Structure formats: C-alpha cells, structure tokens
Amino acid sequence: MTTSTASLTPIEIAQTASLASHVLKAVSGADRDAALTAIHAALEANKEAILEANLKDMSAAYEGKLSQSLVKRLDLSKSGKWEDMLSGILQVKSLPDPVGNTTLATKLDNGLDLYRVTSPIGVLLVIFEARPEVIANIASLALKSGNAVILKGGKESVHSFAAIARVVREALGSTKIPPGAVQLVESREEVNSLLDQDQYIDLVIPRGGNELVRYIKEHTRIPVMGHADGICAVYVAEDADEQKAVTVVLDAKTDYPAACNAVETLLINSATLTTVFPKIAKALIDAGVSLRCDEMSLAALESTPIITGVTLKAGTTITPAVTKDYDTEFLDLTLAVKTLDNDNEAVNHINHHGSGHTDAILTESKERAEDFMKRVDSAGVFWNASTRFADGFRYGFGTEVGISTNKIHARGPVGLEGLMIYKYKLLGNGQGAGSYGSGEGKKAFLHEPIAF
C-alpha cells in the first residue's frame, strides 16, 4: 500500500522504502498485477474529482503566467491524455513479469550451476514537474518491476498530485503490496534530505526541465538516470523524399511541441534548398511555426515564390538564426534551421550540439541511413520517422519512467527492462573454490552452457 509521509522524517521515508523493497521482491507477479488492476479501476472511478483538481492547477498556472510548454504538460484534459494514462497501466500489467528471469546459465562443474537472473533495482526516487499523470505511470512500472518508489510532484501540479495520490493510496490499501512500497512527498525540503539517503535509495529519476535535472545531479551521490535537454534534430539528406520529409518534419515539430522528443533543429542538405526544403518550410509556416534560419536557408526562402507569397500567422516569424539557437530546446512552435553540405557535417553538428536524445535522417538510401544511425551518438536514431516516436508507450513498454540519455544499462525510453538489474545464483553441492584451477590435484571447470 502507499504510505503517508506526513509524520515521517526523510530518513524514515527512505528506510521504510528500503524495507518495503526487500519484501516486495517476494510478492508474486499475480499480486503485483492485481495492484495495477486496482489502481486502474480506482482512477477511472475518480476521474471527475481528479480532473476538477487538475483544473485548479491549470487556473493557477494561467494566473502565475507559467510557460505555455509547462501548461500543456500540466493539462490532464488534453485530448487522449487521460485515456493514454489509463491504457498505459493496463499495458504494463499485460507485459511479462520481468522479475526472476534467467538470462544466462552455465554449468561450472557437475553439481555446480550458475544462473544470472533479473531482479529489481530496489528503491527509486522519482521527481517530476507538472505532468500529474506521471504518478500513475511510475507507480505502475515500479510495482510491476518489484521496485519501491518515492514520488515527488512539482508545485505546479499540487492539487492533481494530491488527488491522484489519494486514489492510488486507497486502491493499494487492500492489496498485498507491502506498506511503504509507494510513498508520496510534497515539500522540496524533504527532497533535499532524500537526496542524501544513498544508503537506502538506489536510483534517482528526475523528470522535468533542464534546471531540475541539473540541480538533482549536482546535489546527490545517488546514481541519476535522465536527461537535461531534448535538443532533437532532423537531417534532410540530398535524396530525401519530398512527401516523407514534409510529413515527418511537420509531425516532429507540431504534434506536441512541448515534449522532449519534439524536433528543435532542422538540418538541410544544401542540395535540397530549392527543392524539398521550401515545401517543408511552407507546411511548417502554415502550421504557425516560426523559423530561425541560417543565411543560406533564409536566402532560399526569400527567393521562393511559394514562401514569399505566404501570409504569416500572428506571432509566426522567419528570422535570422543566432548561434545559441542551435543549442536551444524551444519547447514551442519555433524551429532552428541550418544548411549543411554533406552527411558528415550533419553527424558532426548533432554530436556537438545535440543532447543525445533522438535524431532522425530523411533519405532514400539504406546505406546512408545506416551510416548516420551508427555514427550519431544518441539514445534514439531514426530513419524516415518522426522523433516523436521516442516514447515508452509507442515502443510498447506500456509507459515509461522517463527518457535516459545516460550511457548506462538503460537508454532512451525507460520501461520495465530499464528498472531491472540482475544477480548471480550459484547452486552447488558443498564445493570449495580452492579445488579448482591449474596444477596437480586441481579440477578444471566445465563452463558448459545450460539450456533455459
């Protein structure tokens, strides 16, 4: 069940979660699935109350003049958002149990068998801004994977957080999930103290803007999994298909501009300046996207009839780019454009200015695409597909705890697999290690694979 932390100190919260994580490892997969069923049913039954609470947060956001990108992330009533949250819970439930699966089996000797099996990380501390649906997403993934979790929502979503937390707490009260497996904290002071609890907390996952992620990384010894920026690029190669290019770039920028997987930089091969690029630009302009262009792409637009005759929407601009535009996560209907002469320049630009999140190439050449995807050092590398596909739900993970650009075991959208580590189990029959090795009287290892 969830635990109220009102009367607990940060160290007690961490200790409670640690104890719960040890018990949770022994809870059956069926009981963990039953907890997800309970959460789903409770959220559906309390939809009206939760959306009312979310409306209070939205009103406060408008009054506080928060950025448009933050407001969009906060809005639970956005078309499909509530439904995606609920379906994500059921999809996580439907996934195979990730706990206790054998990934390696070796016979060291007769009667001495080694197994590597998947196991939960332990205790997760997840800190997020806005996006109140994260509570349900993270709780589902944590419980399915056998991890205990401590959740901290942003002040922007305080009413939504409280409403969803209450529903989750009540839903888990009658399940076999141990007390302390899901805990909810509300103050920043608690978080600062929790960041010191490396003895009990195994992984911190910040979900939010650049400032939040950097703050977390600078104030804890606990491993941190996440990303600070989502500076995604799409490169239009010289042989890009016009219709594919228009469709992909338009979707990558306008489907959800506030998302971390929205494209922020459009890289144009100079050979397409008078062919494919104007068609892309017109589609973007018609959709209300402002373009910040380098000298060559700006000149191309100014000399293209289909662009010069377009009436810009209110607030939409076509302006010269400045250097920092290529290092900026706009999170709105703004796109930086840069002209390059070849694929090498595109790869170098992305590896230098990108954030390692998701980048795409538009080309009809498989060889060119494969070369690009090998050389671009990002968690996601796409060919003729929108960067918006970089998402745990779209990958079939049910949902995600976040996007990782770290070079660790979990990279890209992190679902169940990213919340698992492994342990080695050795099944023996009284053997001692000193009996094995080279030399007289020593036994040799068999090291034979065991089918599993």
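**Exercise 1.** Which residues does threonine 316 touch, not counting residues up to four places away in sequence?

*Solution.* The structure is a predicted model, in which local features need pLDDT of at least 70 and side-chain atom pairs count only at pLDDT 80 or more, while totals for chains, interfaces and linings use all residues. Residues are numbered from 1 along each chain as its sequence is written, and side-chain values use heavy atoms, with hydrogens and water left out. With contact taken as heavy atoms within 4.5 Å, threonine 316 touches Ile285, Gly288, Val289 and Ser290, residues up to four places away in sequence not being counted.

**Exercise 2.** Classify the ring pair of tyrosine 422 and tyrosine 424, and state the accessibility of each residue.

*Solution.* Rings of Phe, Tyr and Trp (its six-membered ring) pair if their centres lie within 6.5 Å, and planes under 30 degrees apart count as stacked, over 60 as edge-to-face and the rest as tilted. For tyrosine 422 and tyrosine 424 the centres are 5.7 Å apart and the planes stand at 80°, so the pair is edge-to-face. Next, buried means under 20% relative accessible area, exposed over 50% and partly exposed in between (1.4 Å probe, protein chains only). Tyrosine 422, at 48%, is therefore partly exposed, and tyrosine 424, at 47%, is partly exposed as well.

**Exercise 3.** Identify the charged end that sits over the ring of tyrosine 422.

*Solution.* The criterion asks for NZ of Lys or CZ of Arg within 6 Å of the ring centre and within 35 degrees of the ring normal. The charged end over tyrosine 422 belongs to arginine 116, at 5.2 Å from the ring centre.
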